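Hi,

Here is the structure I promised to pass on.

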Amino acid sequence: MSLISLCEVSLAFGGPLVLDAVGFQVQEGERVCLLGRNGAGKSSLLRVLAGVQRPDQGQVSRALGLEIGHLPQSVPADLTGTVYELTAQALGSLGRALVALRRGQAGDLGLEPADEQEIWQLDHQIQAVITRLGLQAETRVETLSGGLQRRALLARALAARPGLLLLDEPTNHLDIDTIAWLEQFLLARRGAMVFVSHDRAFARALATRVVELDRGVIYDWKCPYDEFLRRREEHLLIERERREKSDRKLAQEEEWLHRGIKARRTRDEGRVRRLLQMRAERAQRRDLLGSARMQTAPAQLSGRVVAEVQGVSFAYADQPVFRDFSTVILRGDKLGIIGPNGSGKTTLLKVLLGHLPPQAGRIKLGANLEVAYFDQMRAELDPDRSVQDNLSDGQDSLLVGGRPRHVISYLKDFLFTPDRAHSPVRVLSGGERNRLLLAKLFAQPANLLVLDEPTNDLDRDTLELLENLLVEFEGTVLVVSHDRQFLNNVVAGVLALEGDGLVREYAGGYDDWLLQRGQAAAPEPVPPAKKERPRPPKTEQPKRLTYQQKQELAALPGRIEALEAELARLHDLVADPSWYASAGKEVAVVTARIAELDAELERAFAIWEELERLSQPHRGD
């Protein structure tokens with residue numbers, strides 16, 4: 001059953017269409033991941049679905065009685081009341097009753113005892129969500145930071161248990177443990193969901209279907225996240241080849257038209273009309289937005305030892321942030337710093353850099369350090385100045401790697417158009433602000449990059465480019481991040497703030513940290529088996545192949561050869577981009593068959609190995 005559908009919906013904000021006559025549906029129980037580049041219009045599409053934004057054209061249809069929960073990207077300016085009161089708003093009249101009960105005003109509601117019991121169950125539900133998101137129920141939302149206000153809005157969206165949940169970047173400002181909890185919470189709920197997220201591990205865990213918004217058009221990939229990545233690469237390759245062919249044809253026709261008097265006298269008017277149409281189509285074509293081009297400015301090598309830390313401690317008002325911490329950071333180390341929100345990750349960075357003096361112990365910084373620091377609070381950006389002025393302080397050029405570059409040209413590397421370069425920072429999206437900070441960061445020579453939450457709001461393509469740059473960077477990297485895949489792809493060691501002032505060091509990335517701390521993801525708990533009486537141990541006797549097993553062993557090589565041949569044929573098929581143009585539903589069938597063949601081959605080899613082992617002569621001691 002369709003919960004909500006868009007038909008020929010268009011939307012623009014004075015420039016190119018953000019939504020260009022799009023159609024879109026959400027079915028019951030679906031978890032749809034909405035992807036797209038920064039500024040593609042994902043938040044606008046969610047607002048249209050939520051009923052907050054009216055489309056310029058087209059129709060939005062919702063199922064009768066559909067309740068929608070919406071976490072917006074931007075925090076509204078008019079939030080008031082306590083965290084509990086804001087969260088309870090999602091429950092409508094029941095929420096108002098809950099607030100009244102907490103104030104001791106139940107007598108005004110005319111509630112029966114049974115009704116009060118049900119409402120208190122809802123109270124437990126609200127309290128659980130608020131607590132798990134690290135909030136205090138009685139805190140006034142006006143006093144919270146922007147990140148904590150978004151958490152309160154997330155609590156409001158989750159507490160209602162709506163039929164359709166719309167979440168815009170729900171993992172921003174959440175620590176790793178809370179993101180993992182949120183994944184499990186959303187996997188367990190039955191309602192439908194549309195979510196925007198550039199957290200690839202989050203999208204991979206949740207999405208049953210991926211939809212991409214690209215240049216005003218919705219591409220419905222109808223598959224989970226990993227399959228989407230593969231299909232998208234093939235689609236982009238086909239599109240690129242088709243456009244290159246069209247451009248070559250247009251160039252040939254233009255050359256024909258301008259050849260000379262003789263050719264113009266005898267030209268085919270029909271051919272001219274087709275050329276004019278090709279020109280019009282090319283003018284209206286919206287090319288794929290390119291990738292950012294990032295590179296670090298070269299700096300001299302730092303000393304071999306970047307920082308030597310001995311018994312360092314730091315506390316706020318007798319509350320230890322970390323204590324008796326020792327480590328040695330060497331040139332070329334790439335370290336991730338992880339821990340719950342409020343555990344002191346940013347404080348640890350500042351102490352390591354010498355911005356805050358340790359209260360015990362000592363830190364010795366290495367020679368020739370040139371530090372570039374990425375601030376998660378974006379305090380380096382003046383919201384009232386333009387993008388260009390924030391980068392170059394009003395100058396038309398800046399030094400990048402010791403060479404002068406025009407500011408507009410440099411900003412193009414980070415996907416800012418000339419118009420956007422002259423816009424004030426306050427109108428930028430979160431992803432654009434992060435790109436501007438990265439542009440400032442990489443303009444200065446550095447051999448030590450310190451990045452505090454650099455991945456928030458960055459789209460997938462820019463994230464992957466940043467990952468590649470950090471991996472290839474010859475200097476030292478310290479990074480605070482809650483993006484699990486980013487940590488896995490970039491860092492070779494982890495400093496984990498694990499409570500009670502303890503900082504422990506682990507080798508590897510996020511998954512390695514999980515394994516080493518003994519909390520790797522485990523399978524769902526299985527109910528305890530019935531207790532059985534203990535049996536005396538059996539002496540294991542040598543086994544021999546039965547007649548049937550001998551027959552099976554003889555047939556296995558032929559069976560494995562047949563499976564491998566079919567698998568090779570299907571792999572050749574899916575590697576051909578032209579096949580997708582006419583395959584239709586066959587894509588899903590072939591993909592499923594490939595998975596079956598992989599599993600069958602694995603079982604066949606396991607059986608072969610076991611039968612071969614049993615067929616070997618048994619020797620006594």
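First, a cut-off you'll need for the next number: I call a residue buried when its relative accessible area is under 20%, exposed when that is over 50%, and partly exposed in between. On that basis, 45% of the 621 residues in the protein chain are buried. Keep in mind that this is a predicted model.

**Overall picture**

The protein chain has 21 helices and 20 strands. Its accessible surface is about 33,200 Å², and carbon and sulfur atoms account for 50% of that. If you take the contacts between residues at least 6 apart in sequence, 67% of them join residues at least 24 apart.

On confidence: mean pLDDT for the protein chain is 81, with 83% of residues at 70 or more. Residues 261-267 fall below 50, and that stretch has 6 contacts in the model beyond near neighbours in sequence. Residues 519-542 also stay under 50, and there the model has 4 contacts beyond four places in sequence.

**H5 and the cores**

Helix H5 covers residues 146-159, and its length checks out: 14 residues at 1.5 Å each should span 20 Å, and the C-alpha atoms at its ends are 20 Å apart, so the two agree. How much of H5 is covered? Most of it, with 11 of the 14 residues buried. The buried set includes Leu153, Leu154 and Leu158, but also Gln149, Arg150 and Arg151. After the helix comes Arg161, which has a positive phi, near 50°.

The largest nonpolar core holds 49 residues, and the members that touch the most others are Leu158, Leu167, Leu186 and Phe195. H5 is the top contributor to this core, giving 7 residues. Another core, of 46 residues, lies apart from it, and Val387, Ala421, Tyr506 and Leu514 are among its members.

Back in the 49-residue core, Leu186 is a handy place to start browsing.

**Salt bridges**

How many salt bridges does a search of the whole structure find? The count is 24.

- Glu30 and Arg209 meet through their side chains, with N to O at 2.7 Å. This pair links distant parts of the chain, 179 residues apart: Glu30 is in the loop between strand S2 (19-27) and strand S3 (31-35), while Arg209 is in strand S8 (residues 209-214). Both Glu30 and Arg209 are buried.
- Asp214 and Arg215 pair up at 2.5 Å, N to O. Asp214 has 11% relative accessibility and so counts as buried; Arg215, at 13%, counts as buried too.
- Arg230 bridges to Glu227, with the closest N and O atoms 2.4 Å apart. The two are 3 residues apart in helix H8 (residues 225-257), so about one helical turn separates them. Arg230 is partly exposed at 30% relative accessibility, whereas Glu227 is buried, with a relative accessible area of 15%.

There is also a network: Glu30, Arg209, Asp220 and Lys222 are joined by salt bridges that share partners.

**Two more residues**

Glu432 is located in helix H15 (residues 430-443). Is Glu432 buried or exposed? Its relative accessible area is 10%, so it is buried. Not counting residues up to four places away in sequence, Glu432 touches Phe416 and Arg420.

Arg405 belongs to strand S16 (residues 403-406) and is partly exposed, its relative accessible area being 23%. Leaving out neighbours within four places in sequence, Arg405 is in contact with Asp396, Ser397, Leu398, Val400, Tyr410 and Asp413. From Arg405 to Ala443 there are 38 residues in sequence, and their C-alpha atoms are 10.0 Å apart in space.

Cheers

Terms used: Residues numbered from 1 in each chain as written. Predicted model: local features only at pLDDT ≥ 70, side-chain atom pairs only at ≥ 80, totals over all residues. Heavy atoms only, no water. Helix = DSSP H or I, 4+ residues; strand = E, 2+ residues; numbered from the N terminus. Buried < 20%, exposed > 50% of the residue type's maximum accessible area, 1.4 Å probe, protein only. Contact = heavy atoms within 4.5 Å. Areas by Shrake-Rupley, 256 points an atom, 1.4 Å probe, with all protein chains shown as cover. Expected span 1.5 Å × (residues − 1). Core = buried A, V, L, I, M, F, W, Y, C linked by side-chain atoms within 4.5 Å. pLDDT = per-residue confidence, 0-100. Salt bridge = Lys/Arg side-chain N within 4 Å of Asp/Glu carboxyl O.
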